[in-house]
Amino acid sequence: MKKRRIFLPILLATAMLALSACGAKDDGTSGSAGEASSGNQQVKLKFYAQYSGENTAVYDAAKEEMKKLMPEVDVEFEVAAQDDEQKIKTYAAGGTLPDIFFASSGLIEALKNSDNLYMMDKAVEDNKIEDQLNETSKAMLRHDDGHIYAVPNVGQWSSLIYYNKELFEQNGIKVPANYDEFLEAVKGFSAKGITPLALFAKEKWPGVQLYDMAVVGSEPAGLTKLDGGEGTFSDEAYRQGAEKIAELSKAGLLSKNAFNTTWDDALAQFTSGKAAMVLNGAWAMSDISKAMGDKVDILYTPLADADKVDQVQWNVSGGGFNQGFSVSKNSKNAEVAAKYAALFSIEFAKQRVIHLGDPNPILKENPEPLNGISSLQEKYKQDSANFKTMTTFPWGLVNAKFKTAIEDNVQKLMLDYDTNAFIDTMNKSLELARK
Amino acid sequence: MSEKWKNKVALLVFTVPTLLFFTIIVFIPILQTFQKSFFDWDGLSTPIFIGFDNYLRLFDDPDFWVSLKNGLIFAFVLVVYQIGLGTILAIVLSSKAVRGRKWFKTTFFIPVVLSGVMVSQLWIAIYNPEGGLLNSIFAALGMDYQQAWLSGEHTSIWAIAFTNAWQNMGILLVLIYTAIKSIPEHLYEAALIDGSSFWHTHRKITIPLLSETYKFGLIIAITGGLNAFQNMFVMTNGGPGNISYTFTFMMYKAAFRSNEYGYGSAAAAILVIECLLFTILINKFVAREKISY
Amino acid sequence: MIKRLTNGTLKYGSLLLYVLVSLYPLVWLLFYSFKDNEEIFSTNVFGIPKEWRVENYVNAFQSFDLIMYFKNSFIVSIGTVALTVLLGLMFSYASARMKWGLSNAARIYMTAGMFIPMQIILIPLLMIVRSMHLQNSYLAVIVPYAAFQLSFACIIFYAFFRSLPKEIEESAAIDGANVYRTFFSIMVPLVVPAIASVSIFVFLFAWNEFLVALVMISDNALKTLPLGLLYFQTQFSSDWGAMGAVMVLSTVPTILVYLLFSEQVENALTVSSAVKG
């Protein structure tokens, strides 16, 4: 009995305390969007960005540089979550977008259609941003309608297959240059109990990327052609691509656990020699070279037919997406935010080179990397000058319905190898998506 | 003030704040979901009214039927595991003859305390077809029963549901245990004199007296299963393909990945109706009479 | 005798087996928090770390403000518990012990929070929270948490109130206590086991919830622990060992809360079954 008498008052007291604490916090801190700017007044901007891990240093350094250019602006970073853009979409729906935020092509499309994006043409022009960009990056600046809704922050990465040179040598397997050799390699590793390709299919995009790589040897536009409203999955290039994926999967291309494999997991398999190859964008190069040194090399189009390889060698998969820092139209300081975002993208690109040795920067003139760059990064840097065409990464697909359907159905194809079912379902989804 | 009037006021004082609060925060969003299910809407632009089109499309969508089936399987696993095992463990632990029962009870509750995201990660490793714990155990027992648990069309949803059932069993255990301990001792005295066995006594006396507990236990387990979300979200992302989809996942995908908020709302509306149906049925058929000791 | 012995072995044997199954995650988490990504995912998923990487903990302490996240999580969790328990008790008392026409319908209405996970109706939820001007305060998460947890709280409180004998209120009325006094000083103390149980579950829910907090809280100073973990995740890779270290630290209070409250359940149960007997 006695204990109970003490317990209830304690519960109630803590409750009161907690509730009053909440109330107290309520006043004062509201209005995060910042007060309207006038003259030289301080402006506070919210900046929703990939502010975590290795990027933290890049953002911090760029922010420091920006203090010199726009001392009147103070930004607060909000860490973006890996959540399929759920948070930012909810913000948009609720009318609470941050002043500046990172946006992918799909998001730009959705937000532009609902009139949530601030047009950045003037900010880009006034601050001479375009003059500082290299040719490939200039192409990323404008949307289909000729206006600027985001300033690019990173270059056109290609999608790559990284391979472990030692494993290929030790097992006497030829490094594949075309599809047939790739299939042989898959069979060879599979027979030896080594996973041929570590695919982090817990995320939906790497599977789609692999399919795009299988298509790009016959159709340089890859999936972007379908995304743009042309063609169907019954077309030769797409059918053949599906057949290749099915055949490779059947031959044991992936580990049984591929669909629960995250990037960290795939990387660990690759670096520990459990897997011979791994698929990812060129951005993973610094991590991979750090762990593998000279043991690793890269392939661009290992899934093209033998007779076409020479012509399609530089038709690579990946890149092509129009993304970057955007500004909310409803921001109270939209004009200041646009200027800040435009200048920030340049500073950000510089700091990426300095801190991360970024091998394909967006700028014409670049600073020296702090730690130099690896031989692999150097190779990629030279190769990338030869790239003829690029496709996109799935987050660069504009039609969200198409994107979701292809993500789910490629996974299915890798499981049941049923090419016809894949083509039928996807054609149906395509029809629905194009309505 | 008359007695009757006073009671009316008291009734209002006790119910109105809760009902009001609940209506604003929970019911209105649900209502809006129903409303949006009749629109073609991407979540951002102006919605276009399309009547029952979303529902017609739903019934034609293979994802819908997979989701319906998966929701029911999930609920079934929760009911059997949490209420079944929960009852057995609660009865054993409430017996004074078991030494260290407090310690046992605390231990069994540990999984509930952990974060769902963390637990899901552990089970991903356990289910890993290559070197995962489960397949290793089967191999050690000499059984050739190797499975890609989370990627198999017939195993995926069961494996995910089991994770949830296992993690939250402690909740039902504590609730059933608490209910058993509330049963007055003298009710057992007669049985003791009769000399009937341990399990027989509990089947005849304890379980019938737990009907009120089973009522809410069933509601918790069934609605929990039908609207499960976090486990798929962390463990399989609904995949591979659509094999671990549920209505909640359909809604999530439609709202945040394919920008078809209206269509997703239709799936969510079906989910709400399904849960409501089960709740009404349980209220109707379980513990209809009030028990007093 | 032999039968009893085998019975005992069987009983304790299976109980101990389940202890193993229940405790292993904690042990696994502890090991995890001392590993690096390669051990966690590939080379040593289940075993003892080959090397005890204390730097994961150092990392956790240095790279982000652990104390602040703990404080926020505590305020949010306790606030949610308080609001849920108070509102839940009042409504359940009315629905279980008072006679009114819509009692049953209202009770089923109140379970609606269990019909849909709040994570998928985030957009309308955010709009409501915004229109109530709760953004940038702890109430932005406490209010939705409490509202959705009310369903769970109400069905449990209802069951407990319903099992109390009718004579209690009658004798209170004879003593001249009004309905409010009867509620607070007689009825509520009798359902302490239910209060303690509900408090545990609601606390754990609020402590671990991620998606709603992610969307509702944008002010860095108000972020709860699960949001803090984002700091270790980048677009394509994460420092899982350091996250494990934070998880271990964030599990400690939840276990303490459970122990504190379950003690209350036990004590109260002994008392209340005596009252009923």
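Visitor: At what angle do helix α13 and helix α14 of chain A pack?

Guide: Happy to start there, with a predicted model in which local features need pLDDT of at least 70, side-chain atom pairs count only at pLDDT 80 or more, and totals for chains, interfaces and linings use all residues. Residues are numbered from 1 along each chain as its sequence is written, chains are lettered from A, and side-chain values use heavy atoms, leaving out hydrogens and water. Helices here are DSSP runs of H or I with at least four residues, and strands are E runs of at least two, numbered from the N terminus. Axes are lines fitted to C-alpha atoms, for helices over the stretch in contact, and angles run from 0 to 180 degrees between N-to-C directions; for α13 (residues 263-271) and α14 (residues 285-292) of chain A, the axes lie 11 Å apart and the angle is about 35 degrees.

Visitor: Which residues of α14(A) meet α13(A)?

Guide: Contact means heavy atoms within 4.5 Å. From α13(A) come Trp263(A), Leu267(A), Phe270(A) and Thr271(A), and their partners in α14(A) are Ile288(A), Ala291(A) and Met292(A).

Visitor: Which residue in β3(A) stands opposite Phe47(A)?

Guide: Strands β1 (residues 43-49) and β3 (residues 100-103) of chain A pair in the parallel sense over two bridges. Opposite Phe47(A) stands Ile100(A).

Definitions and conventions
Pairing = 2+ DSSP bridges.
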